Amino acid sequence: MTRSTSRTASGKGVPYVASPVLAAKLPAWRSRVVLFLIFAAFATLAGRALWLQGMSTDFLQKQGASRYARTLELPSTRGKITDRNGQVLASSVPVRAVWAIPEDVMEAPKDKLRQLAKLLDMSEKDLYGRLDSDRTFVYLKRQVEMDVVDKVLKLNIAGINTRKEYKRYYPEGQAMAHIVGFTNVEDKGIEGMELAYQKTLAGVPGSRRVIRDRLGNVVEDIEAIREPHDGQDLTLSIDSKLQYIAFSNLKAAVEANKAKAGGIVILDAKSGEILALANLPTYDPNNRAALSGAQLRNRVLTDTFEPGSTLKPFAVALGLEKKIVRPNTMIDTSPGRMTIGTATIGDAHSIGLASVSQIIEKSSNIGTAKIALQMQPQEMWDLFTSVGFGQQPKIGFPGAVAGRVRPYKSWRPIEQATMSYGHGISVSLLQIAHAYMVFARDGEMIPLTLQRSSDQPIAQRVLSEKTAREMRSMLEMAAGPTGTAPQAQVPGYRVGGKTGTAYKLENGKYVKKYVASFVGFAPVSDPRIIVAVMIDEPTAGRHYGGSVAGPIFSSVVASALRSLNVAPDSSVTNIIIPAEPLQETL
Amino acid sequence: MSGRIAFVLTAMLVLCALSVVNAHYQSRSAFIALEREQAKTRQIEIDWRQLQLDQSTLGVHGRIEANARRDLRMVPASPASTQYLNLEAK
C-alpha cells in the first residue's frame, strides 16, 4: 500500500501498474497452487484417457459388445438313416429339455406345479425331489416333445426354462433295432449303424456373431458366419419290407419253438447287399428303459456257433473241384460209424452205399469225412478262408466277429474230418450266408455291404462254375422231398439249401442243447437271394435244422421273392407242399 | 462466392448423411425380413422331417399287414391263386 501512494498519477488516470486493485499483495504460492491444480486436473484426464484407451480397451469393448452383439448357435441336424427305398429308419426332430431354477420354481403356486408334474408325466413327489436342490440348474425332463413344451410354457411358472435338443425316432422299432442301433440323449450314436457311421451322420453346428436391436431382431452380422453342416444321410442296403418279413417269421418261429434266441439274414446274391438282418430277442430303440445285454446282441454278426452240417457242401465241393469225386461217385458209408485215430464219428442213420449227391441230400457225416480225408488240410483251409470263414466281414459294422478256423498245420485227421461237417470250427450266421454265395454265384465270391450300392462289386473266383452248379443241384435235392429239409420247399420256386443241427458248446463241453440252422438260396435256376436262419436252443420238441429252421426259410423265401418280383422258375401246378401252411406263418 | 459454395456443399453433406441413414434403415429391415424367411425355411424343413417320419411310422409294414388282415380281411396271395404271365410267350 505504501508503494502505490508514492507513484505519480498520469493525465488519463491511474497507470495500470499503479492500480490500487493490483496493489493487493497476494502470496505467490497461491497462484502456483492454482496452476498446479489445473495442471494436475489435466494430467488426471489425460491419464484416465490413456488408461481407458490403452489399458482397459479390451474389457470396455467387450462390455459394449455384450450389450448389442450376440453369438447365435446355428444348430445342425443329424443325418437320417433310410432303407434302400428311402423309407426313414431313423430321424431326428427338435424337442426341448425342460430345466428349472429350483429356488424360483419353489415359489410358484402348488396348483401350477401339480399341472406341471402332470404335463411332464411325472409324480409330484418326483418333481419336488428334483427341485429340492441347491443348484441353480436342474433338468426336470429331457427330450420333451414340442406340443407338451408349449403347454408347459403356457403355465408361465417363473424359473422354468427350455433348451433346444434333438430326439431320434425309430419308426421301424424292434424289427430294425439291431441294424440301425440307437443314439444317446446327446444325439450321439452308441450302437449299430448309428455308431459305425457316427462321423458322417453327426452334423457340425455353426455359429454367427450378430448385432441385435432393442426388439431382439438380428440386424447385422459382425463376423463371417460359420455355416452349420447337417449330417449326411445314410442309405442302408436293407429293404424294410423284407426286413419285416424276415423279422415276423423269425419271431413266430422262435415263439413256436420256445427258443432262446434266433437270427436271420437275407443277402442279395447279385450285389452282395444285406437285404435283411434280424435278431431275437430284440428291443424297442424308442423306449430303452430296461435293456439287457441279450437283447442288444446282434447275434447274426457277433455270435459264433459250430455250424454243423451246413458246412458239408464246402468239403464236398472241394472234392468235386479237385476231381477227387464226381456227383455220382459211390461211397460206402456203412455201418454208419468210423474210427479215426482214437475217436469215432457216426451218422444218425446209416445210408449204406451212397452217391456223393446222396451224401449231401441225406447229410451223411461219414461220407463227407471220407471225401475230406482225401484232401490236403491246406486245400480245405484255403477254401474256408476264401469263402470268408475266420475272416472278419468288412461291412463296417461294430463288433462283427471273424469266427475261428484253426491253422491247417495243427490239424489232425480227426479234426479235418469233423471240420468237414462243421465241428471244431466256429462261424457267424452272416459268414455262413456269405459263404453260400460261392454256390449261388457260380463259384464267385463278392464282398458284402450294408449300404446301398449301385455299382457291380468285383468278384473273386473261388470254385469253377461247373462245381458250383453241381453243388447247387445237390443242395436242391437236400431241400427237396427226399432230402433233410422237405419243409424248406417253396411252391413256385426251386430252392436249394442245407440244414444244420449242432450241439452247443458250454465251457468247452458239448451239452444237450441245440442250434438249428438252415442256409439256402433261391431260385436255383438263377439265385437271387441267400437266406440263412438260425434258431438257438429250440425246446418245444423239435430241434433239427430241417424241421425248425426249414419252415422259416420256406415262408421267408416265398414272401421275399414275391415282393422282389422274381419270376417263378418251377411250374406252379407242381406244388409239393400245399399252399395252406404258408398262410399261417406269414 | 465462397459462401455459396460452402452452402451447396453443406446441403449436399446433409443430404448424403440423410441418405446414409435411410440406406442403413433399409438394409436393416431387409435383413430382418431375410432372417424371418430363413427361420421359416428352417421350420419348414423341420416340418418336412416330421412328416417323413410320420409317413414311415404310419407306413410300417407290420401296421399295414395288421390292417389288411384285420380290417380289410385280406390274405396273402398263394402261388396256387396266382396267374403268372410269361413275357416271352406274348
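Of the 90 residues in chain B, 1% count as buried; a residue is buried if 20 or more other C-beta atoms lie within 10 Å of its own, exposed if 12 or fewer, and partly exposed in between, with C-beta atoms placed from the backbone. Chain B has a radius of gyration of 35 Å, whereas a compact globule of 90 residues would have one near 12 Å. This radius is taken over C-alpha atoms, and the globule rule is 2.2 Å times the number of residues to the power 0.38. Along the principal axes, the C-alpha atoms of chain B fill a box of roughly 110 × 40 × 15 Å.

Chain B contains 2 helices and 0 strands. Here helices (H or I, at least four residues) and strands (E, at least two) are DSSP runs, numbered from the N terminus.

## Basis and confidence of the model

This is a predicted model, in which local features need pLDDT of at least 70 and side-chain atom pairs count only at pLDDT 80 or more, while totals for chains, interfaces and linings use all residues. Residues are numbered from 1 along each chain as its sequence is written, and chains are lettered from A and ligands numbered from 1 in the order in which they are written. The model scores ipTM 0.77 and pTM 0.80.

The pLDDT is the predictor's confidence in each residue, from 0 to 100. Its mean for chain B is 87, and 93% of the residues of chain B reach 70 or more. Chain A averages 84, with 94% of the residues scoring at least 70. Among the elements of chain A, β9(A) has the highest mean pLDDT (93) and α24(A) the lowest (26). Two stretches of chain A have a pLDDT below 50: residues 1-6, with 4 contacts beyond near neighbours in sequence, and residues 577-586, with 19 such contacts. Two residues are in contact if their C-beta atoms, placed from the backbone, lie within 7 Å.

## Where the two chains meet

In chain A, 25 residues are in contact with 20 residues of chain B. On the side of chain A that touches chain B, at least two residues each come from β3 (88-100), β7 (218-221), α11 and α24 (580-585). The residues of this side divide into 15 nonpolar, 7 polar and 3 charged. In this division, Ala, Val, Leu, Ile, Met, Phe, Trp, Tyr, Cys and Pro count as nonpolar, Asp, Glu, Lys and Arg as charged, and the others, Gly among them, as polar.

## A five-stranded sheet in chain A

Chain A has an open sheet of 5 strands in the order β10-β9-β21-β20-β19, with antiparallel pairing. Two strands pair if DSSP finds at least two bridges between them. Because β10 (274-280) and β19 (496-506) of chain A stand at the edges, each with a single partner strand, one side of each is left without a neighbour in the sheet. On average, and with direction ignored, neighbouring strands of this sheet are turned by 10 degrees against each other. Axes are lines fitted to C-alpha atoms, for helices over the stretch in contact, and angles run from 0 to 180 degrees between N-to-C directions.

The antiparallel strands β19(A) and β20(A) are joined by 11 bridges, and A:G500 stands opposite A:S517 in β20(A). Their hairpin has 2 residues between the strands, and A:N507 takes a positive phi near 55 degrees there. Strands β20 (residues 509-522) and β21 (residues 529-536) of chain A pair in the antiparallel sense over 8 bridges. Between β20(A) and β21(A), which also form a hairpin, there are 6 residues. In β21(A), A:A532 stands opposite A:V519, and A:I530 stands opposite A:F521.

## Helices across the sheet

Helix α11 (residues 240-256) of chain A lies across β9 (261-268), β10 and β21 of chain A, and runs at about 30 degrees to β10(A). Helix α21 (residues 465-478) of chain A lies across β19 and β20 of chain A, at about 75 degrees to β19(A).

## Particular backbone positions

The peptide bond from A:L280 to A:P281 is cis, with omega near -5 degrees; A:P281 is in the loop between β10 and α12 (293-296) of chain A. Another cis peptide bond joins A:A522 and A:P523, with omega about -15 degrees, and A:P523 is found in the loop between β20 and β21 of chain A.

A:K258 lies in the loop between α11 and β9 of chain A, and its phi is near 45 degrees, a positive value in a residue other than glycine. With 11 other C-beta atoms within 10 Å, A:K258 is exposed.
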